[in-house]
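Hi everyone, thanks for coming along. Let me put today's protein up on the screen, and then we can walk through its charged pairs together.

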Amino acid sequence: MEPRLITDPKLQPILDALTSREPIFHRPEFGSTRQDFDAMCDPDFWEVGASGRRYSRQYVLDTLEERHKHPHDDHWETSEFHVSEIAADLYLLTYTLKQDERITRRCTLWRHTSNGWKIVYHQGTVVSD
């Protein structure tokens, strides 16, 4: 039933670069301020949360700004990374995220620009039994 996800070896440097950035907005080495998060996001960025709700770029940035006013420990594990080239300089990264007992499948659409990597779209889907 599960797809066989194998990243093309020529995409390994892309996979490595993007894996180091996930889960998005949880990597302090890439920034923790609204300005940092704004710089990470493509102007057209939006998200579908694990709840199924759609979130605008503005809403996500507002939420991240508020969340980072009160830092807390966030325990998570990532696994099963895979990347596909969708178009020139546009890549789909998929992976599994475990946060405490909750498991979600994640996908992030990344654009490589002259200013670095930009998040175009992100989605999380809860894995149910």
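Let's start with R105, which is partly exposed at 34% relative accessibility; here buried means under 20% relative accessible area, exposed over 50%, and partly exposed in between, with a 1.4 Å probe and protein chains only. Before going on, a word on the source: this is a predicted model, where local features need pLDDT of at least 70, side-chain atom pairs count only at pLDDT 80 or more, and totals for chains, interfaces and linings use all residues. Residues are numbered from 1 along each chain as its sequence is written, and side-chain values use heavy atoms, with hydrogens and water left out.

So which residue does R105 meet in a salt bridge? The partner is E80, at 3.5 Å from N to O; a salt bridge is a side-chain nitrogen of Lys or Arg within 4 Å of a carboxyl oxygen of Asp or Glu. E80 sits in strand β3 (residues 76-87) and R105 in strand β5, so the pair ties together parts 25 residues apart in sequence. Helices (H or I, at least four residues) and strands (E, at least two) are DSSP runs, numbered from the N terminus. E80 itself is exposed, with a relative accessible area of 54%.

Strand β5 (residues 102-113) also holds R111, whose partner D42 is in strand β1 (residues 41-48), 69 residues apart. Is D42 buried or exposed? D42 is buried, at 8% relative accessible area, while R111 is partly exposed at 30%.

R34 and E65 form a salt bridge at 3.1 Å, N to O.

How many salt bridges does a search of the whole structure find? Seven.

Stepping back, the protein has three helices and six strands, in the order α-α-β-β-α-β-β-β-β along the sequence. The C-alpha trace spans about 40 × 40 × 25 Å along its principal axes. Of the 129 residues, 35% count as buried. And for contacts (heavy atoms within 4.5 Å) between residues at least 6 apart in sequence, 45% join residues at least 24 apart.

That's my tour, and I'm happy to chat about any of these pairs.
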